[in-house]
Amino acid sequence: KDPARLRMFNLSVLITDAFMAAVKTDGPWELVFGDKVFKTLPARDLWNKIMRNTYDFAEPGVIFIDRINTANNLGYCETIAATNPCGEQPLPPYGACLLGSINMPTLVTGAFTKGAQLDLAKLDDLVRLAVRMMDNVVDASRFPLPEQAAEAQAKRRIGLGVTGLADALLMLGLRYGSVEAAKQTEDWMHAIARASYLASVDLAREKGAFPLFDAEGYLASGNMMQMDADVRDAIRTHGIRNALLT
């Protein structure tokens, strides 16, 4: 809140399931550092303070760390400790952040007409091209620390996202934030996830799976349990090149 201290400082808070349970039941929460308890206060007071500051200053961000670790494809071999500064990619110690975006409006045909639609075939092609490119970036990149290089090579994680989502929805006559827009967004994101994972399976058939791949551990993760059956079968049969994709 003080403009003279930590200006333009990006800050996030790791929120655990235990803390959220305390918020829901209006229970107490201990502020602990190491083995020492410095203060005990109502969990809701702390939650409300975080939310008030997020509303007023867009900081801090909130990351549900236990939910992330439950969903993590690599839960069998790593623990997520944080994310990159803007929160797109959860990372373990020495994890490297590699991000790319699909520009959604470029895939819309007949924009602002009744026949407007996003070309799903072009989306599939573009996602597959992006996954191959980003997989190559893992090998082309140089890292400050050898531990970072080893982490990237062992898991080959990439983060393919989107940009221009609100514009693409507007081109289809959908208001950003509406129920209809949310449903359309869910359908597009599912298509991107499917294409990404299947593209990475194809890369695994061509170049090999990521070194730490274990089919049963991988497919038992919270995220992969929700994946389409044919994608799960393809991963079990052929492996996958990139541990995380979106």
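## Briefing: loops, a helix face and aromatic pairs

Asp26 lies in the loop that runs between helix H1 (17-25) and strand S2 (28-33). This is a predicted model. The chain has 246 residues. Its secondary structure comes to 10 helices and 10 strands.

- Most residues other than glycine have a negative phi, and most peptide bonds are trans.
- Asp26 is not a glycine, yet its phi is positive, near 60°.
- Ala58 sits in the loop between H2 and S4.
- Ala58 has a relative accessible area of 58%. The cut-off for exposed is over 50%, so Ala58 counts as exposed.
- The peptide bond from Glu59 to Pro60 is cis. Its omega is near 0°.
- Pro60 is found in the loop between helix H2 (43-57) and strand S4 (61-64).

**Helix H10 and its two sides**

- Which residues of helix H10 (residues 229-238) are buried? They are Val231, Arg232, Ala234 and Ile235.
- Looking down the axis of H10, these buried residues fall within an arc of 160°, so they line one face of the helix.
- On the other side of H10, Ala229 and Thr237 are exposed.
- What do the buried residues of H10 pack against? Their partners are helix H7 (179-207), helix H8 (215-219) and helix H9 (222-225).
- Gly239 follows H10. The phi of Gly239 is positive, near 80°.

**Aromatic rings**

- How many aromatic pairs does the structure hold? It holds five.
- One of the pairs is Phe19 with Trp29. Their ring centres are 5.1 Å apart and their planes meet at 75°, so the pair is edge-to-face.
- Phe19 counts as buried, because its relative accessibility is 4%. Trp29 is partly exposed, with a relative accessible area of 25%.
- Phe210 and Phe213 have ring centres 5.7 Å apart and planes at 80°, so this pair is edge-to-face.
- Phe210 is buried, with a relative accessible area of 1%.
- Which residues form one aromatic cluster? Phe19, Trp29 and Trp47 do.

**The chain as a whole**

- The C-alpha atoms fill a box of roughly 55 × 45 × 35 Å, taken along the principal axes.
- Of the 246 residues, 36% count as buried.
- Take the contacts between residues at least 6 apart in sequence: 65% of them join residues at least 24 apart.
- The chain exposes about 14,400 Å². Carbon and sulfur atoms supply 57% of that area.
- The chain carries 26 positive and 29 negative charges.

Methods. Residues numbered from 1 in each chain as written. Predicted model: local features only at pLDDT ≥ 70, side-chain atom pairs only at ≥ 80, totals over all residues. Heavy atoms only, no water. Buried < 20%, exposed > 50% of the residue type's maximum accessible area, 1.4 Å probe, protein only. Helix = DSSP H or I, 4+ residues; strand = E, 2+ residues; numbered from the N terminus. Arc of directions from axis to C-beta. Contact = heavy atoms within 4.5 Å. Areas by Shrake-Rupley, 256 points an atom, 1.4 Å probe, with all protein chains shown as cover. Lys, Arg positive; Asp, Glu negative; His and termini not counted. Charge placed at Lys NZ, Arg CZ, Asp CG, Glu CD. Phe/Tyr/Trp six-rings, centres within 6.5 Å; stacked < 30°, edge-to-face > 60°.
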